[in-house]
Structure formats: C-alpha cells, structure tokens
Amino acid sequence: MSNLTIYTEGGPVQANDGRYLPREADKELMALCSEGQFSYVLTARQMGKSSLMIRTAERLEEERIRTVIINLNSIGTIIDIDKWFFGVLAVISDKLFLDTDLYEWWDKHEHLGVVQRFVMFFEDVVLIEVEEPIVIFIDEVDTTLGLPYKADFFAAIRHLHNERSNSLDLKRLTFSLIGVATPSDLINDPRRTPFNIGVRVHLDYFTLQEAMPLSDGFDLPADRATQVLLWVMNWTGGHPYLTQRLCKRIAEQDHEFWTPELVAREVRLTFFEKESEEDNLRFVSNMLTERSRDKMSLLKLYRKILYRHHVKSDTHSPAAAHLVLSGVVKQQFGSLRVSNGIYAHIFNHQWLDEQMAGLLTHIRWYQRIPTAAWFVAAAVIMAFIGTLLTMQNQRKHQAEKLNSQLEALNDVLIQKDDSTDLLSEQLELVQDSAESLSELLFEKEFGTSSLNVRLWRTNQRLADAFRETDSLSNELKLSIDSTLILSEQLSEQIVVADSLRTEAKTESQAAKELRLENATFVLANKALSQASMGNTELGALLARQAFEFNRMNDSPFQNTVYQALRETLNAHAEDIQQPGGPFLLGMHNEWVRTVAYSPDAKWIASAGDDGRILLNQAGTMIDAPATVLHTDKKSIRSLSFHPSNDVLAAGYHDGTLQFWHDYSSEKPTPEYISLGLLDQAGIEKSTVVTFSPGGSRLLHAGGRYINVYDEMGQESVARLAVPEGVEVNALAINERDALLIVGGSDGGLYVFNNYEQNERKRVLQHDGPIQALALSPDGRKIATGGRDTVIRLWTLQEDGEPITDIQLRGHEGPINTLAYDRAGHSLISGSSDGSIQLWDIRHAAIDPNPVVLTEHDSWVWSLDANPLGGTLVSSGADRTLRLWTTDPQVLADRICMSVPDRNLSPKEWHSFVGEDLSYAQYHKPCPSVRLGLIE
C-alpha cells in the first residue's frame, strides 16, 4: 500500500507530517543565522520557504540560539503604525517570555516616535533580558507591500544591523526575512534598505537526488520507482509543490508498470483539465496578469524566453525579477529559462498571444486619441469662416483680405480626398459673394437703397453658402476621421508587413541554425537522462553527437553539452578516475588560497592557510604524490613562478616574501625576505606577489603599497601607493606598455603608466571591492571582478584608458579569482558561490552563457589556466586542489576511446536525433569507430 503521508501539497511540512527534503539552502541559511548574518529568502510561492524557516529555527534552538517566528499575516494591515509596530513586538515578547510588561513600557515611552520605540525595545529590553544569540524570522513580508510605513520598518531593521559596530549586544541579534517579493518591492531607497547589507539565500528546485525520498510512496521496486520519479521531474523540473502534487497523484493510482505516457496522462488530469483548480497555477497567472507593474515589458521578455528557451539574466531588470518571483521562470547559471514543462504547457504561445492581443487592443484605443486634433482643426476652420461672414459691413480692403484667406483655405482643402471638391465649390460661392460685397461697398456713393437691396441678396447667398459649408464640413470631418483611421491601420499593416518580411528573411537564414541549436540542447539532455538510467554507453555517444552539432553550428559552446560530455564520460568509464574531470590532485589541511601553473606547465603549486606548498607534476594526474615544501609560517596568500628561472615566490599574510630556488629538486632551499608591508599599527594585510612577464621585475603588494624589486627581490626599484585607506587586492602587468593595473578595496581600478614611477590614475569603479584581475595574453583586454558579483571586460588603450565595458552576470557570490586561457578566447572565473564559470568572450556581448563547474563544496579562492591550453586548476575553501579538462574536443575524443567497438546506429540516430534534420544527415559520432551494432 502506498504511503501518501510523505507528501506535502500545501503549507509547511511540519504542519502536515510530511517528509522534509533538505536542500543546499538549509546549510546556507543555518550557517548565516549561526554566524549572526542578516539574511533573506524571497522567492515564489510553495517553494518550501516556511518549511525551511521552521526547520532552521528548530536546529538553531538545538544549538542554544533563541528564535522567534513572526507571521505578518497574523498582525494584519488595516491598522495604524502604532498598533502595527506594537503587534510585532508583542509576538517577540511572547515568544521570548520577556518579564517586562510591554504595554506599560510602550505607554511610558509614547513621547518618542514609533520607530524609535521599536528600536529601543530591542536595545533596552530584549537584549538585556535574553543573554543568548537571537534570530528573528519575519515571514510573509510581502504583506507589507500596501503599508505606508513599510519603509520605516525595514529601515529600523537596517539600523539595528548597522549599530552592531557600536554595540556588542546588538551582534547577538539578527533577522531573516521570508516572503514573495523582490527587494525593490519592499523598499527601493538604497540608503534605507536592509537588502544591500544582507545575504540572499536562494531556495532552488529539488534535484533528483534530493527528491529521491518521494519515490518511496510509489510502492514500486527501487529501480522502477527511480525511473517514474525521473519522468515526474521531467515535467515538474523539481518544483517542490508540483513535484509533491504529481508524486501523490501517481502514488494514489494502482499501476504496476508505469510509462512516460501514463505519467503524462496524470499530468493532464492533475494540471491541464479545466476542472483542475490548482492554487499554484492561479497564483502564477495572477502574478503575470495582475500584479505586474509593466505587463507589456514582462510579456515581451517572457516571449523571448519562451521562443529562445534561455535568455541572459539581468538582475537589474524589474520584468526579469517579477518573472522569477512568479515562478514561471527560473534563473540558472546566468540565464532565464521556463521553470518546467507544466508551466510551459499552460503559459504557452497561445496564452501569451491572447494576453498580448488584449494589451495591443487597449493600446490602439489610446492611439486614436490624437485624431481628435483634426476635429479641433475643423472647428477652427468653421469659426474662421463664420468670422469672415460677419465682416460684410467692413470696407473694401477687408473684403480683399477675406478673398486671399479663403483662397489659401481652398488650397489646403483641395488637397483632401474627393469629398472636399464639393466643399471647394461652395467656398467659391462664398468667394464670389465676398467679391460682390466688395463691389457693393465700392458703389456705396451711388445710392443707399440700391445698395441695401443688393446687400440683402448677398446676405441670402452667404447664408445659403454657410449652411452648405456647414453640412459639407461635417461630412468632411467624418471623412477625415475615416481616412485617418484607415491610414493608421494601413500604416500599422505596413509596419507589421515590413517586420514580418524582415523576420521571414532572418528566420529563413537562421532556421537551420536554430533547429540545430535546439537539437543540440535536447540531445545533450537525452544523453544525461540515458546515463542516469544506466545506459551509459548510449548516453556517452549521444553527448558526443550533441558536441558535433554544437561545433557544426558555429555557435557559442553550450553549458549543457559540456556537462553531458563530462558526466556521461564519468558514468561510462568507471575504470578511470573521473575521466571527464575534475581530477582531485590533493588536499590541504586548511583553505587553499592560491594556485599556479609553472610557465612550462610541468608543475602545479598550491598553498593556503596551513602554511604548506604542494608541488604536483601536471602530467601525472592519478595517484601521483605531491612534493611538500614545509614552512614555519602560516597563511600563504600568493604564489608566482619566475618566467624562466627555477624559482618560486610565495607571499605571506604577514608581509614576508619567500623564495624557493630549485623548487623541483629533492632539497629545495627557502630564502626569506621581509619587505615591510605591514602598516604602522602592525595589522596584517592581504599580500600579492608576481613576477613581470619578462621576469625582470618582482612586484610585492600589501596594504596600500606596491614594492617593485629586481627579479630576485635584492634591490628596491620603486615604491608605489594607492590612495590612503585603500588596500591592494589584485594586480596585473602589461609589460609592453609598462602599465601596472591595480584593483583596490574601494572598488577603484588604478593604472600606473610606468610601474617604476608613482604616477597613477583611477580609470573605473566597481560597486564593491575589486578582488580579482586578469590580463589577456596580448595585454589589451582586462577583466575585473569583486564583491559586487559582476565581471567587467575592458579594452585598454596605450595610455591605460579602458573602453568597451561588457558586464558578465552569472555568479551569485563575490568574484575571487579570474584567468584568461592561452588563446585569450575564454575567461575563467571563480566565486564564493562555489562555482567556476568559463565564458566565451568572443560572444560575450551576444550570448554570454558560461560553462558552469560546481564540484567545489565551498568558496573557490584561486584558479589558473594551463599556459599550454586544455586544462584548468582550481582551489578553494573545501581544502581541495582540482584539475579540469576545459577543451570539449578532448572530452569528446575520450568518449570515442571509451566506446571502442560501436557507434550510434541509424535506428538510434532517428530515434534520438530525429528524422527532420535533413541537412544534418546521419554520420558516425566517432568517425574511426565502426557502425553501430543495432541496425
């Protein structure tokens, strides 16, 4: 009998006795709360936020950290500021069992402002009565969106955090905010928001491994249960609610043998039928159609994602943030993608077209408003004619003026359509009448009686003409209105036709590439799926074919293809230690802060907080013992090989420099040099050491100073400095132009035009400290990265001025290290988010999606690219040293070596690749291997 109690379809797991599935966010939030770091979890509904919060609170209590959970829904929103803030404190007082009478205390301080009383209560009561650390979780923060005083609330929390530097007690207090909102929704003033000082915890979808306990309810053998769960995940993408909901539905059915078609049937009955009233789907729809501030921009962006499958993520885009918050889109490795197959089916092209059509109809109604200006013009014309007709008693020169004005008016009107011809004839009658009036005025001296008779007749003719003119003017207005509407519609049709014609040409040219790109992506995913089901040989060959498609298309290399090559190779060739990588070269006892290749690529040196230097031979990656260079100091922060001599330089955290001569010999001898890089107070500063590319100079930086020495550090050449209060975090040398480029702790990039003269200029600015620099092999391009998580690419002119700023956004943590590959085509970055990302900078401005490597379990501190190409070495806070194969061609060739006796058969080709790729006819993925065994 299936166990249905393990599934939770709504509300926190703890409230439904369900099975809690831990994720990476559990470790992250627990660590932040334990360390007293301000944090926030802002994401879509039914992602498991409340379960995560309750689970973390329980674990914190076990570690004797007091917790308070405040659900703002219980306080309400239709109350004044005094009662609202008091309500928040009432929850805190009850949960912490405070002795102070809150009512009495609040009334006693009523002479103070509400926000001031709120802050004082923590300082004067909470932290006095409670000695342990306190974490306050504030759930449902999006309920404050309609509160006029929400900014005051979040500003008060920020104040309590900022005052930590002045109060030891406040360091025991921290907050964690939970809800469905973006930081800018809650407060958009950067001076008051707490979200630019806190750390965001990303609550991701379930991975297959994390969701595995859900398969226990299927009441199936383990292998079949795993397969069914995989089919479920193909639909839900790992969305917590959708996955639990569909798993429960399947567990309720009495099927012993499941197929993808049966799973799809349950998906249709659960989510797609009209009678299905899924609260989650209503929420997503409401977010897309009702809660969006700029619905058109949001729908346009969603259309791009829907058609292109992935679009570069822009963290500053309100539309992108709202799509992610709705849940219909997820951000993954710097790209925006539709979250799962269920959302893609419901919020599809038809739904999108209907939404946009409604908006366009609404917009066209407003676009017609300017035609009212023609009615105004017609009214002005009629008033002008009436004015002229009342001038019949004026003198002759006034009548002549009337003639000229009517002629001008006639010229304008005659340019209209055929309907204006009738009006022109009537206007000619008016003109004739005016001329008769002129003659009558001239003959005034010949007799009043005769003149009066003629004036009366003229008045009659003018009155008749006026009536005719008025009637035709009304017809003209209608004609003009119809003409304008038709003209507007015609103009729109012309624009649309031109656009369609252009798009047709473009699509005709790009259809082949687009189909091949989609086939590449789909085939790579099929390769991973086959490998996960145990069909490792077939999965590897499919990955090899996906690589060939990617190469044939001459498009940016896809991350999915790289992962497919690497993971299928690792799964198939089990007799080789991680043939797809990464290779584990060794481990240190503490964080590994720095790693470097020797210029001849024969050696890899690594060092860190344990004070040891490990030397690994780069050519022997498996079971090769490392040479250990022991030191009597701690925390090595930088390593640099001399370009030609057998010398290795190490920079320590205390400002000391150490040389290892003949480092590859059996007994290398160290030489210490103290370069006096401590500040006057003796406070240790981060240290950077590097040889110039030609080897003639050694640069050693610490604090705000850069000392320039001869190649062995014996003779001081210059002492350079960045502004006071700034520390040197990274540097690079362009030897050809004698440029020294320095990244500072203030976010500034400083250029010294001659690195033997203290003449500097500040050329650009990051939003936070610059922590990494890399110079391309030609010395013309520089990459900078830092705490703001953004990588910026610059082209340096000869005078050091940077131009052409391109921003790469993919990391979710500070950038700690950067390196260019041998050819200068790729940039490699390492971050505190634990990932390494490989950027094809040739396509950076068009498609910057990087290859993402995530095997490090913690912060990536350092990396270096093989000077001969093809590999990459990295190190991090997980104490490991890892070697990666970065050339996908090498991985593809290894697949052919690991499957020496077969290829994809034509039958397999048509089954997995498809028969519509007529321009990509069947060929063997591995040319040197015979045809597939299965025909």
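Start at Glu24 and Lys27, whose side chains meet in a salt bridge (3.5 Å, N to O). The term means a side-chain nitrogen of Lys or Arg within 4 Å of a carboxyl oxygen of Asp or Glu. The two residues are 3 apart in helix α2 (residues 24-34), so about one helical turn separates them. Helices (H or I, at least four residues) and strands (E, at least two) are DSSP runs, numbered from the N terminus. Lys27 is exposed, at 52% relative accessible area. Buried is under 20% relative accessible area, exposed over 50%, and partly exposed in between (1.4 Å probe, protein chains only).

This is a predicted model: local features need pLDDT of at least 70, side-chain atom pairs count only at pLDDT 80 or more, and totals for chains, interfaces and linings use all residues. Residues are numbered from 1 along each chain as its sequence is written, and side-chain values use heavy atoms, leaving out hydrogens and water.

Select Arg249 and Glu266 next: their closest N and O atoms are 2.7 Å apart in a salt bridge. This pair links distant parts of the chain, with Arg249 in helix α11 (residues 240-252) and Glu266 in helix α12 (residues 260-272), 17 residues apart. Glu266 is buried, at 0% relative accessibility.

Move to Arg544 and Asp893, a salt bridge with closest N and O atoms 3.9 Å apart. Arg544 lies in helix α22 (residues 536-552) and Asp893 in helix α24 (residues 888-898), so the pair ties together parts 349 residues apart in sequence. Arg544 is buried at 4% relative accessibility; Asp893 is partly exposed at 35%.

**Strand β19 and its partners**

Now select β19 (residues 697-702). Of its 6 residues, 5 are buried, so the rest of the structure largely encloses this strand. Strand β18 (residues 687-691) runs antiparallel to β19, joined by 5 bridges. Strands count as paired if DSSP finds at least two bridges between them. Find Thr690: its bridge partner in β19 is Leu699. The β18-β19 hairpin has 5 residues between the strands, and Gly695 there takes a positive phi near 85 degrees.

On to β20 (residues 705-710), which pairs with β19 in the antiparallel sense over 6 bridges. Arg697 stands opposite Asp710 in β20. The β19-β20 hairpin has 2 residues between the strands; here Gly703 has a positive phi near 65 degrees.

**Last stop**

Select Glu110, in the loop between α5 (102-108) and α6 (114-129). Glu110 is exposed, at 58% relative accessibility.
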